[in-house]
Amino acid sequence: MPRKRLTIYFLFFMVVLSLLLNQGNIFVHADTEGGGKLVYVIPIEHNVERGLEAFLARTTKEAIEDGADHIIFEINTPGGSVEAADNIGTLIADLEVPTTSFVISQALSAGSYIALHTDTIYMTPRATMGASGIINSDGTAADKKAQSAWLKAMTSAAEAGGRDPLYARAMADSSIDLPDLNAPKGEFLTLTPKEAVQVGYAEGIVDDRTELLYELGLSNARVVENKVSFAEGLARFITNPIVVPILLSLASLGLIVELYSPGFGVPGTIGLISLVLFFYGHVVAGLAGMEAIILLLIGVAMIIAEFFVPGGILGILGVGAIIGSLFMSGANISEMVMSVAIAFLVAIIATVILFRRIGLDKGVFRHVILRERTTTELGYVSNQNRLDLIGMEGISATALRPSGVAVIGEERVDVVSDGSFIPINRPIKVVKVEGVRVVVREL
C-alpha cells in the first residue's frame, strides 16, 4: 500500500511539473512575441486636411522603406476635409503591411472613414467612433450629390474591411433607424467601444499602446514613433480652412495700408509675411507647385511695372495672376473662393476708409498724383483781369452795338455797352469789369 501510494504521488508530481513547464513555455513564448519585428506608430490628430495627408504620405513611405512589419495609426480627430480623407483612405488601403487603427479619444466623421481602411481597429474605453455626416464649411448640410458620394465611400470602406456596411451607412445617414445603438432616425450613429466590438467594427478594447502591442503579438517589437515636424505642423496650421482667409485678409490689408504709408514699414511687412506664409504652408503640404510660385512672381512684377507704364493693363493682369496662383495653391476651390472673397472685401473696406481719411496725398500715391495747381496766388491766370479800368473815361473808337472798341487813356480796349447803342467818338465811362468783359456807359 505505501508503495502504491508513493507511485501515485510520483505520477501526480510529474503531471504537475509537466503542466508548470508547459505553462512556463507559454509565458516565454508570449514574452518573446514580436521580437525582431519593426512597428511604426503614426499619429492622426486634429483636423483631417491636406497637410495631414502630406504628413502621412511621408511617414508611411519611410515605414515601408525601413521594412516595417506593422503600422499603427493612433487616431484622435473630430474629422475634416472629405477630399483629404478620401486620399488618406486610399493611401492606407494601398499599404502592403498590416495596419491597425488605435482610437485614443475620437474617430469622428472623416476620422471614422480613415479607421475603416485599416485591417484592425482597437479603442480605448473612453473612445468614440462615427458621426460621419458630411457638412459644408459654413455648417450647412452638403448637397444630395455630395452626401450620396460620401455614403457610398463609407459603405465601400466597411465592405473592404469585411465589416457590416449597415453601421457605416448609419454613421453618414441619419435616416437609418438604429435605436438599440442610441441612433434613432434623425441621429447619426456614434459607437462606443463596447458597441463597436459588438457590431464587429473593433477587435478589442485596450487601455494603452502597451496593451495594444500585446494584443497584436508585438510586445517585444521595436517601435518607431513618428511625430509631426515643425514645418509640417506649421503647414497643417496654415492650410486650415479657418486660417487661410485670415492670412489672405492680413496680406491684402497690410499691402493696402502700405500704399498710404510713406516708405515701406510694418503694414507692408505684415502683408508680405502673410502672403509668404500662405504659399510656404501650401508648398510644404504638397498643394502648391512651382507653377503657382512662378505665376505669383509674374503677377507681382506686373503690378510693379504698372507704376512706370501707363494704361492699367499690366496692373489688371498682375492682380489676375496673383489670384490665379492662389487658386492653384488651394486644397478646395469653394474654400478658396470664400477666402479670396473675404480678403477682397477687407481690401475694399480698408481702401474706402483710408481714402476718406487720408485721400491720395500720402504714401506711394504722392509720387503718381499731380498735386500742383495753376492758382492765381502762384501767378497762374487764364486771362488778364482789368479791374483797374473801373471808373476811367474814354472815347468810343467804334460804334458800340453793343460791343466794340474804345480808347481809354492811351489804350484801345474791347468793350461792351451797358445795353444802349453808343455812336463813334462819344465819351464813355467804365462802370463794371467781369473777367475779360469791360462794360461802359455813355456820358
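User: Taking contact to mean heavy atoms within 4.5 Å, what is Thr 124 in contact with, leaving aside its neighbours within four places in sequence?

Analyst: Phe 102, Val 103, Ile 104, Pro 193, Ile 205, Val 206 and Asp 207. Before we go on: this is a predicted model, where local features need pLDDT of at least 70, side-chain atom pairs count only at pLDDT 80 or more, and totals for chains, interfaces and linings use all residues. Residues are numbered from 1 along each chain as its sequence is written, and side-chain values use heavy atoms, with hydrogens and water left out.

User: OK. Where is Thr 124 found?

Analyst: In the loop between strand 4 (120–123) and strand 5 (128–130). Helices (H or I, at least four residues) and strands (E, at least two) are DSSP runs, numbered from the N terminus.

User: Is Thr 124 buried or exposed?

Analyst: Buried, because its relative accessible area is 1%. Buried means under 20% relative accessible area, exposed over 50%, and partly exposed in between, with a 1.4 Å probe and protein chains only.

User: Zoom out. How many helices and strands are there?

Analyst: The protein has 15 helices and 13 strands. Its length is 443 residues, and 38% of them are buried.

User: Which residues touch the most other members of the largest nonpolar core?

Analyst: Phe 73, Met 129, Leu 189, Leu 191 and Tyr 201, in a core of 51 residues. A nonpolar core is a set of buried Ala, Val, Leu, Ile, Met, Phe, Trp, Tyr and Cys residues joined through side-chain atoms within 4.5 Å. There is a second, separate core of 15 residues, which includes Ile 238, Ala 251, Leu 275 and Val 340.

User: What does Met 129 contact?

Analyst: Beyond its neighbours within four places in sequence, the list includes Ala 107, Leu 108, Met 171, Leu 189, Leu 191 and Tyr 201.

User: Met 171 is in helix 6. How many of the residues of helix 6 are buried?

Analyst: Six of the eight in helix 6 (residues 165–172), so the rest of the structure largely encloses that helix. They are Pro 165, Tyr 167, Ala 168, Ala 170, Met 171 and Ala 172. These buried residues pack against helix 4 (110–115), strand 5, helix 5 (144–160) and strand 6 (190–191).

User: What about helix 13, which residues are buried there?

Analyst: Gly 315, Gly 318, Ala 321, Ile 322, Ser 325, Leu 326 and Ser 329. Seen down the axis of helix 13, they fall within an arc of 140 degrees (taken from the directions from the helix axis to the C-beta atoms), so they line one face. Ile 313 and Ile 316 are exposed on the face turned away from that buried side.

User: Switching to strands. Which strands do bridges join to strand 9?

Analyst: Strand 9 (residues 393–396) runs antiparallel to strand 12 (residues 427–434), with three bridges between them. Three bridges also join strand 9 to strand 10 (residues 403–408), again antiparallel. Two strands pair if DSSP finds at least two bridges between them.

User: Which residues stand opposite each other?

Analyst: Gly 394 stands opposite Ile 428 in strand 12. Ser 396 has Ala 406 in strand 10 as its bridge partner. A hairpin through six residues joins strands 9 and 10.

User: Last one: where is Tyr 40 found?

Analyst: In strand 1 (residues 38–45). Tyr 40 counts as buried, because its relative accessibility is 4%. Beyond its neighbours within four places in sequence, Tyr 40 contacts residues including His 70, Ile 72, Val 224 and Asn 226.

Notes
Contact means heavy atoms within 4.5 Å.
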